[in-house]
Amino acid sequence: MTTASARRAVTPVRVQAIEDGHLVERPDRLVTEEPMEIRLQDRREQAEPIAVTMRTPGHDFELAVGFCRTEGLLSDADDLAEVRYCVDPGADQEYNVVTVTSRRPVDLDAHRRVVAASSSCGICGKTTLDEVALQCAAVAAGPVIARSTLLRLPDVLRESQAIFDSTGGLHAAGLFSPDGELEVLREDVGRHNAVDKLVGHGVMTGRVPFPSSVLMVSGRLSFEIVQKAAVAGIAVIGAVSAPSSLAVATAERFGQTLVGFLRDGRGNVYTHPERIAMER
């Protein structure tokens with residue numbers, strides 16, 4: 001695999017399109033899905049692989065750092081010493097291997113995934129639910145967001161998805177201010193990867209936690225997305241689709257406001273509705 005193709009978010013293809021009862025060859029574009037191995041090392045040890053995730057290339061350092069933060073391998077931004085691509089010029093996957101260096105010792109055996117994580121499921125390879133349920137404090141009071149602002153977030157998110165416009169085949173996660181201004185958006189073939197990219201961005205820019213931001217995701221709300229948001233201190237989460245039962249229970253546990261089915265001017269509030277100003 002060449003360096004260029006390993007880092008391209010969109011892959012050009014030729015397709016046979018069915019048009020007016022005939023097959024017509026035309027160009028098309030697909031969202032790229034490639035494995036990325038995440039390695040971690042501290043100052044004393046060699047880098048060791050901790051996970052392989054299927055992702056869309058782009059913002060790879062943010063993905064690796066965000067994954068390490070939401071998995072508890074990095075406690076805060078001060079733990080991050082360095083993040084880099086594999087530097088072995090003979091490696092076929094040179095740009096599909098990212099190493100994160102921590103300033104403090106890390107118990108890798110307590111966090112290592114046992115299989116690759118697919119783009120649809122970020123917790124594949126966890127052996128027990130106890131391993132998944134990271135211990136973190138309940139979120140802070142968080143922002144109050146107007147009902148009218150909350151209802152327009154899905155449209156703003158969708159209109160800002162540049163790669164989706166090219167391929168129609170990937171998810172997005174966006175951080176918004178309480179007044180509905182889009183602060184950061186990341187796209188990926190995996191919902192959880194898009195959130196990790198946001199968290200990694202926050203760690204690398206010194207912005208995590210996000211106590212005043214609202215998280216909006218393009219797909220369904222899984223347990224892991226809610227947990228990642230809790231680790232990042234996000235108190236309000238919205239999605240265009242449904243949450244799982246464990247996502248709702250987790251949001252209740254961490255004190256987060258969870259809103260699903262945000263579409264067509266409607267939505268379902270599952271937990272902590274006090275952060276939504278219904279009169280506005």
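Helix α6, residues 191-205, lies across strands β4 and β5 and runs at about 125° to β4. Helices here are DSSP runs of H or I with at least four residues, strands are E runs of at least two, and both are numbered from the N terminus. Lying across implies contact, meaning heavy atoms within 4.5 Å. The angles, from 0 to 180 degrees, are taken between N-to-C directions of lines fitted to C-alpha atoms, for helices over the stretch in contact.

Before I continue, please note that this is a predicted model, in which local features need pLDDT of at least 70 and side-chain atom pairs count only at pLDDT 80 or more, while totals for chains, interfaces and linings use all residues. Residues are numbered from 1 along each chain as its sequence is written, and side-chain values use heavy atoms, with hydrogens and water left out.

Let me turn to the sheet that contains β4 and β5. Four strands make up this open sheet, in the order β4-β3-β6-β5, with mixed pairing; two strands pair if DSSP finds at least two bridges between them. Which strands stand at the edges? They are β4 (48-55) and β5 (80-85); each has a single partner strand, so one side of each is left without a neighbour in the sheet. From one strand to the next, the twist averages 20°.

Inside the sheet, β3 (residues 34-42) and β6 (residues 97-102) run parallel and are joined by six bridges. R39 has T99 in β6 as its bridge partner. Helix α2, residues 60-70, also packs on this sheet: α2 touches β3, β4, β5 and β6, and its direction makes about 55° with that of β3.

The other sheet is open as well, with six strands in mixed pairing, ordered β9-β8-β10-β11-β12-β13. Its edge strands are β9 (182-188) and β13 (266-271), each pairing on one side only. Strands β8 (residues 171-176) and β9 pair in the antiparallel sense over six bridges, and H171 has D188 in β9 as its bridge partner. Helix α7 (residues 223-231) lies across β10 (214-217), β11 (236-239) and β12 (257-263), at about 155° to β10.

Finally, the nonpolar cores. Such a core is a set of buried Ala, Val, Leu, Ile, Met, Phe, Trp, Tyr and Cys residues joined through side-chain atoms within 4.5 Å, where buried means under 20% relative accessible area with a 1.4 Å probe, protein chains only. The largest core has 42 residues, and I50, V100 and L215 have the most contacts inside it. A second, separate core of 15 residues includes V139, I145, F176 and I276.

Technical notes. Buried < 20%, exposed > 50% of the residue type's maximum accessible area, 1.4 Å probe, protein only.
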